[in-house]
Amino acid sequence: LGADPQAEKAQERAKAAVTFGAMVPRYLHGAKRRLRGRTYEETERYLTRHWAPLAALPSHKITRATVAA
C-alpha cells in the first residue's frame, strides 16, 4: 500500500552512520597488504590529514564538489 516511514528513517540513519572517517581505517587495512611502503604512507597521510575535514561526513553525502571545496 504505502511506504513505511519508520523503515525509511532507520535506513537513512544507518546510511548516515557510515562516515568517511569510519571507512578510512578499513580501507587502509586492506591497502597495506597490496600497496608498496611509500605509496601506503602517502595514501595514509592524504586520507588522515588532508581529507580530515571529510571524516565526519556520511560517505553517501560526499560529492566531487565537497572534495573540491
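## Overall build

The model is predicted. The protein has four helices and zero strands. Read from the N terminus, its elements follow the order α-α-α-α.

How does the radius of gyration of the protein stand against that of a compact globule of 69 residues? The protein has 16 Å, whereas such a globule would have a value near 11 Å. The C-alpha trace spans about 55 × 30 × 15 Å along its principal axes.

Burial can be given as a share of residues. Of the 69 residues, 13% count as buried. The accessible surface of the protein is about 5600 Å². Carbon and sulfur atoms account for 57% of that surface.

Contacts can also be sorted by separation in sequence. Take the contacts between residues at least 6 apart in sequence. Of these, 59% join residues at least 24 apart.

## The pair α2 and α3

Two packed helices are described by the angle between their axes and by the distance between the axes. Helix α2 covers residues 20-34, and helix α3 covers residues 37-50. They pack at an angle of about 180 degrees. Their axes lie 11 Å apart. Angles over 145 degrees count as roughly antiparallel, so α2 is roughly antiparallel to α3.

Which residues of α2 and α3 meet? From α2 come F20, V24, Y27, L28, A31 and K32. From α3 come Y40, T43, E44, L47 and T48. By class, this contact of α2 with α3 has seven nonpolar, two polar and two charged residues.

## Two loop residues

T19 sits in the loop between α1 (5-17) and α2. L35 sits in the loop between α2 and α3. The table gives their relative accessibility.

| Residue | Relative accessibility | Class |
|---|---|---|
| T19 | 19% | buried |
| L35 | 22% | partly exposed |

Why does T19 count as buried? Buried means under 20% relative accessible area, and T19 has 19% relative accessibility, so T19 counts as buried. L35 has 22% relative accessibility and therefore counts as partly exposed.

Their contacts come next, with neighbours within four places in sequence left aside. On that basis, T19 is in contact with A55, A56, L57, P58 and S59. L35 is in contact with Y40 and T43. Both Y40 and T43 belong to the α3 residues that meet α2.

Terms used: Residues are numbered from 1 along each chain as its sequence is written. This is a predicted model: local features need pLDDT of at least 70, side-chain atom pairs count only at pLDDT 80 or more; totals for chains, interfaces and linings use all residues. Side-chain values use heavy atoms; hydrogens and water are left out. Axes are lines fitted to C-alpha atoms, for helices over the stretch in contact, and angles run from 0 to 180 degrees between N-to-C directions. Angles under 35 degrees count as roughly parallel, over 145 as roughly antiparallel, 65 to 115 as roughly perpendicular and the rest as oblique. Contact means heavy atoms within 4.5 Å. Ala, Val, Leu, Ile, Met, Phe, Trp, Tyr, Cys and Pro count as nonpolar, Asp, Glu, Lys and Arg as charged, and the others, Gly among them, as polar. The radius of gyration is taken over C-alpha atoms; the globule rule is 2.2 Å times the number of residues to the power 0.38. Buried means under 20% relative accessible area, exposed over 50%, partly exposed in between (1.4 Å probe, protein chains only). Accessible areas come from the Shrake-Rupley method with a 1.4 Å probe; for residues, only the protein chains shown count as cover.
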